[in-house]
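Q: I have this one open in the viewer and want to go through a few spots. Can you take them as I ask?

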Amino acid sequence: MPQLNENFLRLEKNYLFINIAKKIKAFKEAVPSADIIRMGIGDVTLPIPPVVIEAMKKGCDEMGVKETFRGYEDSGAGYDFLREAVSGYYKSFGADVAADEIRINDGAKSDCGNIVDIFGNDNVILVTDPAYPVYVDSNLMCGRKIIYADSNEENGFAAMPDYSVHADIIYLCSPNNPTGSVYTREQLEVWVDYAKKNNAVIIYDSAYEAFITDPAVPRSIYCIEGAKEVAIEMCSLSKTAGFTGMRCGYTVVPEALKVIASDGTEVSVAQIWGRRQGSKFNGVSYPVQCAAAAVFTEEGLRQIHENIAYYQENARIIADTMTKLGVKFTGGINSPYIWFKCPNGMGSWEFFDLMLEKIAVVGTPGAGFGKNGEGWFRLTAFGDRQRTIEAMERFSGLVSEMTK
Ligand code: PLP
């Protein structure tokens with residue numbers, strides 16, 4: 001009989017969004033007429049801009065013609081035209097990333113999970129809490145020790161390293177999901193310094209970088225000097241350009257990132273990662289890579305920014321509502337997430353139930369992202385404008401009533 005990888009049995013039985021879906025289903029059965037507004041799941045809702053769709057169609061047409069048909073892509077790292085485009089994009093906000101340091105993938109979630117393959121199981125993993133669940137789950141699956149750095153109200157949900165504690169692999173996410181907080185340049189400099197002193201590797205998730213409006217906030221870990229020696233970065237077109245259903249992202253493993261093997265030899269992490277991907281990943285389809293490259297053209301960037309601006313305005317509406325009501329929150333600026341403190345000291349799930357029952361608005365209980373999320377709640381700005389306004393009117397009514 002095959003043995004299971006019993007680490008899987010240590011995972012939470014019910015993934016957060018399955019729990020939420022169950023509660024919504026039960027509520028709908030009890031109150032069929034309820035007009036539910038969903039501000040929970042972090043999926044985008046606006047269609048992909050025309051210039052991107054045109055590029056994908058052109059890529060599809062090329063696949064139907066003998067002279068331009070393409071089969072397996074030779075490198076598996078992505079077509080040069082896209083890697084060059086991503087490199088140019090990085091340079092536009094001050095991060096010097098070369099095309100050959102970039103590998104194209106089917107989104108950030110896959111690589112956040114897959115990167116664990118190239119590191120040994122005895123590493124100490126540091127995750128900021130609360131966090132995007134993939135960092136924890138993918139390490140629990142291989143039985144690793146995870147330690148946490150607390151993100152909380154006191155530090156503005158931007159955890160900083162404790163130099164008295166050693167970690168080998170560090171997960172950072174900025175702008176953060178779920179808290180919407182961002183790391184400043186100075187804070188990232190401290191993390192890079194900590195990583196150097198501990199010979200650690202930072203896995204930096206910048207999936208929401210396109211939402212950063214403050215020019216002082218770094219859009220990449222590589223805006224920090226010396227980061228290339230200690231950091232891998234993962235980014236995605238999911239939220240930048242509405243690619244959640246198209247699937248395309250990119251991971252940067254710099255040439256300068258080296259790890260010492262047990263026999264004392266210096267090993268290039270990029271080389272090991274390339275080896276892993278070469279065996280287990282066949283790359284992203286040609287038409288999708290054509291679409292992705294169109295995102296980084298002048299017209300592509302203009303069009304995707306119209307969508308991002310729409311979500312940013314939703315975020316502003318939500319954030320303004322919180323400010324008016326005197327509800328504490330982070331995010332909403334530089335981020336599509338608003339992370340607020342549940343009124344009257346309520347627990348996250350308790351407040352979830354209350355919102356659903358009283359105003360039929362669905363969000364995400366902060367407790368689902370880690371222990372420091374308890375008592376906090378996440379709303380997303382990815383919805384429809386009118387529905388966002390309506391949700392905030394209902395929310396204002398509820399909170400005013402509760403805090404009277
Ligand atoms: N990283 C963070 C922080 C996210 O919130 C998400 C998606 O919600 C992802 C990565 C994964 O994005 P994708 O796999 O769609 O590129």
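Q: Leaving aside neighbours within four places in sequence, what is Ser87 in contact with?
A: In this predicted model, Ser87 is in contact with Val97, Ala98, Ala99 and Ile102, leaving aside neighbours within four places in sequence.

Q: And where is Ser87 placed?
A: Ser87 is in helix α3, residues 80-92.

Q: Buried or exposed?
A: Ser87 counts as buried because its relative accessibility is 3%, and the cut-off for buried is under 20%.

Q: Switching to α8. Which residues are buried there?
A: Val269, Ala270, Trp273, Gly274, Arg276 and Gln277 are buried in α8. Seen down the helix axis, they fall within an arc of 160°, so they line one face of α8.

Q: What does the face turned away from that buried side carry?
A: That face of α8 carries the exposed residues Arg275, Gly278 and Ser279.

Q: What covers the buried residues of α8?
A: The cover includes the strands β2, β7, β8, β9 and β10, along with helix α4.

Q: New topic. How many residues are in the largest nonpolar core?
A: That core has 61 residues, and Tyr90, Ile170, Ile202, Leu237, Phe243, Cys248 and Tyr250 have the most contacts inside it.

Q: Where does it lie?
A: Domain 1 (6-47 + 300-402) and domain 2 (51-297) both give residues to this core, so it lies between them. Another core, of 38 residues, lies apart from it and includes Ile36, Phe352, Phe369 and Phe377.

Terms used:
Residues are numbered from 1 along each chain as its sequence is written. This is a predicted model: local features need pLDDT of at least 70, side-chain atom pairs count only at pLDDT 80 or more; totals for chains, interfaces and linings use all residues. Side-chain values use heavy atoms; hydrogens and water are left out. Helices (H or I, at least four residues) and strands (E, at least two) are DSSP runs, numbered from the N terminus. Buried means under 20% relative accessible area, exposed over 50%, partly exposed in between (1.4 Å probe, protein chains only). Contact means heavy atoms within 4.5 Å. The arc is that of the directions from the helix axis to the C-beta atoms. A nonpolar core is a set of buried Ala, Val, Leu, Ile, Met, Phe, Trp, Tyr and Cys residues joined through side-chain atoms within 4.5 Å. Domain bounds come from an automatic or database domain assignment.
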